[in-house]
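Please read these points with the model open beside them.

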Amino acid sequence: MTDPRRGDTLRTTFAPWLRLLDRRRGRLVAGAALMALTLLSAVGLLALSGWFITASALAGLAMVAGLAASLDVYVPGGGIRAFAVTRTVSRYLERLYNHDTVLRLLADLRGRLFGVLAALDDRALSRRRASDWLHRLTADIDTLDGLYLRLLAPPAVAALALLGLGGFLALWSPAVGAAVVVLLGLALAWITLGQARLGMATSHRQVADLERLRGRLIEQLQGLAELEAYGSLAEHRRRLDTLEARLEADQRRLGQRAALGNALVGVAVGVTLAAVLWLAALAHDAGTLPGPLVVMMALAVLAMNEALAGLPLAFTRLGATRAAAERLNALEAARPPDVEAGEGLPPGPPALSLEGVTLHYPGALVPALDDVSFSLAPGERLAITGGSGAGKSSVAALLAGRLGATEGRVRLGAIELGRLSPSRLAERVAMLTQRVDLFDDSLAANLRIADPAASVADLWRALAAVALADWAEALPHGLDTRVGEGGRRLSGGQARRLALARLVLRDPALVILDEPFAGLDAGTASRLARWLDEWLAGRTVVYLVHQLGGEVDPPGVQHTLQLVDGRLSGYT
Amino acid sequence: MSEPETPGEALTPRRWLNELAAPERRLLGLATLAGVVAGALTLGQMGALAWLVSELVVATRAPGELWPGFLALGVILPLRALAQWGQEAAGLEASLRIRRRARAALLDHLARLGPVRLASRHSASLANQLVEQVEALDGYFARFLPQLRLAVVLPLLVLVVVVWLDWLAALFLLLSAPLIPVFMALVGMGAERLNRQQFAAVARLSGHFIDRVRGITTLQLFGRTREATAEVHAAADDYRRLSMRTLRLAFLSSAVLEFFASVAIAVVAIYVGFGLLGYIDYGPSPGLTLFSGLLVLLLAPEFFQPLRTLSQHYHDRAAALGAADGLVALLTEVPAPGRDGGRGPVPTASGELATLYAVTVEYPGRGRVLGPLDLAVRPGEVLAITGPSGAGKSTLLQLLAGFVGPGQGERRLAAGLAFAWMDQRPLLIQGSLADNLRLAAPEADEPAMRAALGRAGLGELVARLPQGLATPLGERGVGLSGGQAQRLALARVFLSPAPLVLLDEPTASLDADTEARVVAALGELAGAGRSLVIATHHPALMALADRRLELADGRPVAPAAQEARHD
């Protein structure tokens, strides 16, 4: 996924992101204009100052020689002061305005990424649920938000500036103007395109290598007990060191190449300066160019340093931005096709059946489900048992329409699952997942995920059903109590019951409950079981449990099905 | 390795950064020196430019006679480029070495802390610290430290030249000089504040984003993804409004620097211009020439440039300090007493593989979790440790393994004892099946590995794989189910030649068939003369044991009571 796919040019990789930027075109142009104004003031300040003191020197010499000479000191003096002020003010405004723009882009990018993630199915999400994967995606977004400020606006402003300067200087000496455009133009091409080429491969693989290093470190930390016991700690450290050495070599190469680019900026400006001086000297010698203008031209070229300074570093690392864009593009490509126009489930509890279902996750050595068949009549309750990794969650994901089977058929009622509309399916199927997702928000907001229109009375009723109402009433902020990140301020059992309460706010026909009583004490569990038995009447139910015969079993189990390593080992 | 255990002073982030920089003083010095040379050559370039202009315009020489100036430029430009490159390359090299050393020291320290201490931490976030926070040190060493010295040296150098050219102009620059420390403080405060506030806000925003992404399954299940997408966008936009308020102020400090740099050019230009016109009769002004005047003008921005560069690198410092904060907290965590003994220098008295004398284990915040307790593990015996969860079974195994040290009492091991270990979180490394097996026995050949896999109940699976032992496992064992991973770890135990085998719930998450096979294989292992210590609930495994030690609340249950329960 991190390899640059063949045929993916820079343009196709960045095209979706450039289109996204294009929506804010007005702001981008205004920000670039402020940059250009800052640069213009810097060049103007130095060039006009040079012109002024040369003119002064010549006028002073003429006066000493007794010749009549005069120089209007007020206009250039005022110009110098004006440039000094605009340079400061426009720089300040530019930074402020462009940061605002970048933050707006960040909001756009995050929204877009979230939209993409929201459309992925379990097959794509299951391998990637790890939080470091999320961190990397977030980091990729942060890399892309610099696209405008580091990679687009500065070279555009620099190109504009050198064309403008060349044109301006050509008013007096076309040769000088041409020299500026050609020499600085070549320099600009090198420090953008050339540097990008120099650093592309190295910077492209850097993020992936850092990722690999992180993976090895996690191995080392998680496996410390075994590594220490077998005395293979040093061996594993060598693996780490090899990876780190490669990373280091890459960073050295990148850093040295960026430094080369930075040094070349100074050389390019210096060479252009020498060329301009030489051409201006010839013109001065021929009497076509007054002395003050010679100095103005030289100093204007010198000030162009500012336009080029930041570019080599940004472009040497272009590969990293490219890799980030590619990863996000690949994610988008993994998006399953929309099937909004599907059928709905008929009313009432559905029957369900699996016929010869095999499920293969990408990269897995063996299938997660291997030729599994069973069926359940409407309104019946089935318990699927098995150890972790036996395939229970995969069955649940298939039934909830979150996955398609690799082989075989899954039916709800008489309808094959692929033909059902996902959004209409979501309305009829409710699932309590093994890991409960609570959001860093209030109790009420967490409940209203299930039903945004629920009244306060509805919420209290739902809490009462899962025996949380007394607890919630005792809280100083009641329903407005925040649950903390991932529901951390609640106990595991409270979080689980809150998630159950969400289901109560809906009226599902098929209910899938993964370990409904995990983390609950026996008293609460049996109270909950009595209520659940009542609420589940008239619905088709699938429980997923490690094993039956514990302290409190889920209520009303009519059939059991045992899974071992993805294979059906017993159905009663 | 730089050991953090220097007695006396506490390790602070600043001190740690200084300690890290110390061995690379020469490279950092080289970076500074190259920076000074580049600065001096810049002065030379400006001098050549001023000379060329004044010879051309005032002395009206023919272009052909100006060759010394062009020659000087021709010499200076490549040299200056070389010096600039050298400054960056030396700083980079220092930073690379420092980061490698810091990472190695952290890894050594984590290894000393041991698996039990690390179990309470999230390994992914620890790994993040080792990768990202160590990388965050880069800018501080590579750029900030050299620039800090350049920001003192280069303005002085410029000032000396300007004094020589025209002391009154130098006075203008000097007048702003006492303000420079004030700017630096301003810039520093601005950057620090910016960083702290931004950091907090960014963390909050990322937190919000990750919170929603983590719960994406639930949002999908309830069909709420569209609303959540809008919410993510709105949160990012709120964050923007909030941070713009901070930025408005924070950017002011650099605007002040910018302003002084601009004003210095303007003031010098007007002073020089009026001086050259003969309007100023004071001090050195009548002596101004186009050469000296122009050079002063060209040097005025150079006076401020090092400081402007420093202010650009200021966030590198804040980032490094922030990272050092987290890393120093790790480094100052002291390993449990007795941990350093590792495999224990005290050999056992006679024949026993391991002996525990009146040992206890205490954890901070939880008090005593094990002991006092005596235990001797004899060669060839199978010892089952039983008891309810939380009774201290795992702790006893960890103590035998040396992952925790005894709080009181003594742990003795046979000289040169090697042991094999397996718990419920088996280690899987990215690499082939063979790589994973060889962790236990680096020299093992293919038949031995296949035999071990077979005894662990994985023979059938491996036989089905087209690439066999060379089949790659993804990062963190992607491709294997939990039970399969457990059996792979068991295969390692079979492969390892260690005479003592410590097993923590080896049959958890196995199905009945495999379990029976594994129990039989463990019996074989015992038959081959190896000692097994097994913490387990499982009757079949208990039946394997020659001896049982039942624990309750960390203490052995009296033998009489044990018998009673056994029935």
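The numbered points below go from the chain contact to the helices.

1. This is a predicted model: local features need pLDDT of at least 70 and side-chain atom pairs count only at pLDDT 80 or more, while totals for chains, interfaces and linings use all residues. Residues are numbered from 1 along each chain as its sequence is written, and chains are lettered from A and ligands numbered from 1 in the order in which they are written.

2. Chain B puts 115 residues into the contact and chain A puts in 113 residues; two residues are in contact if their C-beta atoms, placed from the backbone, lie within 7 Å. On the side of chain B that touches chain A, helix α9 (residues 225–276) of chain B gives the most, 25 residues. Helices here are DSSP runs of H or I with at least four residues, numbered from the N terminus. That side of chain B has 68 nonpolar, 30 polar and 17 charged residues. Nonpolar covers Ala, Val, Leu, Ile, Met, Phe, Trp, Tyr, Cys and Pro; charged covers Asp, Glu, Lys and Arg; the others, Gly among them, are polar.

3. In chain B, the axes of helix α2 (residues 25–57) and helix α3 (residues 67–119) come within 8 Å and cross at roughly 160°. Axes are lines fitted to C-alpha atoms, for helices over the stretch in contact, and angles run from 0 to 180 degrees between N-to-C directions. That angle makes α2(B) roughly antiparallel to α3(B) (over 145 degrees). Their crossing is left-handed, that is, the near helix is turned anticlockwise from the far one by less than a right angle, with clockwise giving right-handed. The contact of α2(B) with α3(B) holds 18 nonpolar, nine polar and three charged residues.

4. How far does α3(B) reach from its first C-alpha to its last? With 53 residues, α3(B) reaches 73 Å, close to the 78 Å expected at 1.5 Å a residue (1.5 Å times one less than the number of residues). A kink of about 85° lies in α3(B) at B:L113, shortly before the proline B:P115. The bend at a residue is the angle between axes fitted to the seven residues ending there and the seven starting there.

5. In chain A, helix α2 (residues 25–64) and helix α3 (residues 74–118) pack at about 155°, with axes 8 Å apart. They are therefore roughly antiparallel, and α2(A) passes α3(A) in a left-handed crossing.

6. Helix α6 (residues 147–170) of chain A packs against α7(A) at about 165°, with axes 7 Å apart. That makes α6(A) roughly antiparallel to α7(A), but this crossing is right-handed. The contact of α6(A) with α7(A) has 15 nonpolar, five polar and no charged residues. α7(A) has a kink of about 55°, centred on A:M200.

Definitions and conventions:
Helix = DSSP H or I, 4+ residues; strand = E, 2+ residues; numbered from the N terminus. Parallel < 35°, antiparallel > 145°, perpendicular 65-115°, else oblique.
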